[in-house]
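These are my notes from one sitting with a single protein chain.

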Amino acid sequence: MDHLVELTGIRKSFGGVHALQGVDFALSAGEVHALLGENGAGKSTLMRVLGGEYVPETGSVTVAGEEQKFRTPSDALSKGIAIIHQEMALAEDLTVAENIYLSEIPSIISWRELNRKAAELIASLGFSIHPGAVVSDLSVAHQQVVEIAKALSRNARIMVFDEPTAVLSVQDAERLLGIIRKLRARGVGVIYISHRLDEVFRIADRITVMKDGASVATVERKDVEIEDVIRMMVGRSLKALFGEDVARTLGKEVLRVEDLSDGARVKGVSLNVRAGEIVGLGGLVGAGRTELVRLIFGAEHARSGKVLVNGVEVTPKSPRDGVKAGIGLVPESRKEQGLVLDFPIRVNATMAKLRPLTNSFGFIRRAKERSTVDALAKRLRLKAGSIHDPASSLSGGNQQKVVLAKWFHADGEVLIFDEPTRGVDVGAKTEIYSLIKSLAAEGRAVLVISSEHLELFGLCDRILVMREGEVTGTLDPADYTEEKLLKLAMVATPSRPELVSKH
């Protein structure tokens with residue numbers, strides 16, 4: 001098979017860290033080749049070599065049979081290589097058309113022609129986005145379409161997608177996969193990096209797994225199962241992915257929600273969670289799951305209904321009320337809502353409950369703070385240089401552990417996790433699952449939202465499924481299938497089922 005791209009024996013070091021240790025990788029025209037591995041495995045570094053951001057110490061990069069010596073991203077782009085990063089490189093104040101043809105604007109006199117070309121290119125991807133729209137006004141999914149159109153306008157033959165669906169809804173992620181299938185049909189070679197293995201198995205032709213800066217194996221997707229790939233990535237089976245099973249005893253009801261509504265996106269939801277129980281919230285993005293848990297926590301205002309903790313009505317009016325009632329929320333967006341990125345790890349880990357750390361004058365006792373945060377870091381296996389480093393210095397998985405540390409420290413009885421492993425690698429996922437199980441084993445009531453069905457099936461004692469602001473049904477472990485979950489999430493039900501556990 002003739003390869004469109006071939007990377008051979010690529011080595012790259014940063015100081016004393018060997019980021020790439022003689023990696024080989026090849027991509028053919030009209031192929032989707034998935035590149036998988038835990039954070040730190042070397043995937044992004046390898047792609048930055050291909051994209052001209054890094055110059056390798058040894059090894060060769062060959063494009064269409066010709067060896068290249070890329071020194072800048074422009075060199076790579078001139079050979080048809082485009083990298084679509086998770087953080088998009090668009091000029092937000094310019095229009096869609098201006099972004100797509102930015103490099104050609106001096107040579108294009110007619111704005112009408114510019115808009116016509118942009119509209120045609122976007123339509124060829126199956127989308128209708130007005131070429132005169134300002135990019136900052138677009139959804140993330142539509143910004144991504146503009147980024148892809150921009151690459152195609154420059155005749156990209158090789159496109160790298162780095163975690164393209166991490167911030168997309170299920171519906172938008174599906175549409176993106178549709179675009180990638182179209183690109184493959186046109187003969188474009190696609191390199192696809194993702195932690196979402198279900199997507200990888202739907203879209204990839206081949207899979208290369210990396211670990212510790214080296215390539216472990218390259219396999220045909222049809223020849224392996226998800227179980228095999230996980231074992232290659234982390235040396236553990238699918239069952240082991242969800243962490244060790246901790247003995248848990250279901251106790252008394254801790255959280256009860258009665259007919260909770262916000263008048264728009266949440267419509268009369270009732271549920272309960274017992275001590276030691278992990279309950280999942282499934283459904284499509286936009287079903288009202290995040291809005292529901294924000295009502296329970298007090299981050300949004302409820303129009304009607306009640307929240308009870310241990311039989312006492314608390315119905316929080318603010319997050320402060322929620323914390324006081326013993327409720328903790330690990331939000332969907334850790335960077336915007338879960339952390340103050342510029343603040344030190346020690347501050348982020350303790351900010352939800354300062355009283356145990358202060359003296360009679362209200363000043364922080366530094367020794368007490370240090371010992372508390374050190375204990376939390378040890379329990380959560382936090383990988384950080386120092387607890388005085390800013391939270392922004394950590395990897396995604398370790399940032400999530402700091403958010404978890406905050407609620408471990410607050411010691412609430414109800415813990416809510418909204419997409420707890422989004423953008424986190426497989427190894428860190430296992431650690432987070434183990435921590436969630438250990439919290440439940442200590443007698444806390446745990447509520448988990450996840451768009452990854454496998455995650456809900458592997459972690460939860462039962463799953464409530466939401467659709468259009470209502471809970472449409474409950475799944476027990478014996479009923480855990482994608483088909484049953486999606487039917488509840490997508491099909492209107494004739495009557496409201498019993499939603500509160502009778503156990």
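The entries below go from the whole chain to selected parts.

**Entry 1, the chain.** I note at the outset that the model is predicted. I counted 18 helices and 20 strands in the protein chain. I then looked up the extent of the C-alpha trace, which spans about 70 × 55 × 50 Å along its principal axes. For the radius of gyration I found 24 Å, which agrees with the value near 23 Å that a compact globule of 503 residues would have. Of the 503 residues, 52% count as buried. I also looked at contacts with a separation of 6 or more: residues 24 or more positions apart account for 66% of them.

**Entry 2, a sheet.** I traced an open sheet of four strands, in the order β12-β11-β14-β15, with antiparallel pairing. Which strands stand at its edges? I found β12 (269-274) and β15 (312-313) there; each has a single partner strand, so one side of each lacks a neighbour in the sheet. Helix α10 (residues 289-297) packs on this sheet and touches β11, β12 and β14 (304-309). The direction of α10 makes about 115° with that of β11. Between β11 and β12 I counted five bridges, in the antiparallel sense. For V257, I recorded L271 in β12 as the bridge partner.

I placed S261 in strand β11, which covers residues 253-261. Is S261 buried or exposed? I noted a relative accessible area of 12%, under the 20% cut-off, so S261 is buried. Leaving aside residues up to four places away in sequence, I listed V266, K267, G268, L295, A302, R303 and S304 as the residues that S261 touches.

**Entry 4, helix α18.** I turned to α18 (residues 482-490) and found L485, L488 and A489 buried. They cover an arc of only 100° around the axis, which puts them on the same side of α18. I recalled the general rule that an α-helix has 3.6 residues a turn, so residues three or four places apart point the same way. On the other side of α18, I found E483, K487 and M490 exposed. What covers the buried residues of α18? I noted that the cover includes α17 (453-459), β19 (462-467) and β20 (470-475). Finally, I inspected the start of α18, where a side-chain oxygen of T481 comes within 3.1 Å of the backbone nitrogen of K484.

Definitions and conventions:
Residues are numbered from 1 along each chain as its sequence is written. This is a predicted model: local features need pLDDT of at least 70, side-chain atom pairs count only at pLDDT 80 or more; totals for chains, interfaces and linings use all residues. Side-chain values use heavy atoms; hydrogens and water are left out. Buried means under 20% relative accessible area, exposed over 50%, partly exposed in between (1.4 Å probe, protein chains only). Contact means heavy atoms within 4.5 Å. The arc is that of the directions from the helix axis to the C-beta atoms. A polar contact is a pair of N or O atoms within 3.5 Å; within protein, one must be able to donate a hydrogen and the other to accept it, and residues adjacent in sequence count only if both atoms are side-chain atoms. Two strands pair if DSSP finds at least two bridges between them. Axes are lines fitted to C-alpha atoms, for helices over the stretch in contact, and angles run from 0 to 180 degrees between N-to-C directions. The radius of gyration is taken over C-alpha atoms; the globule rule is 2.2 Å times the number of residues to the power 0.38.
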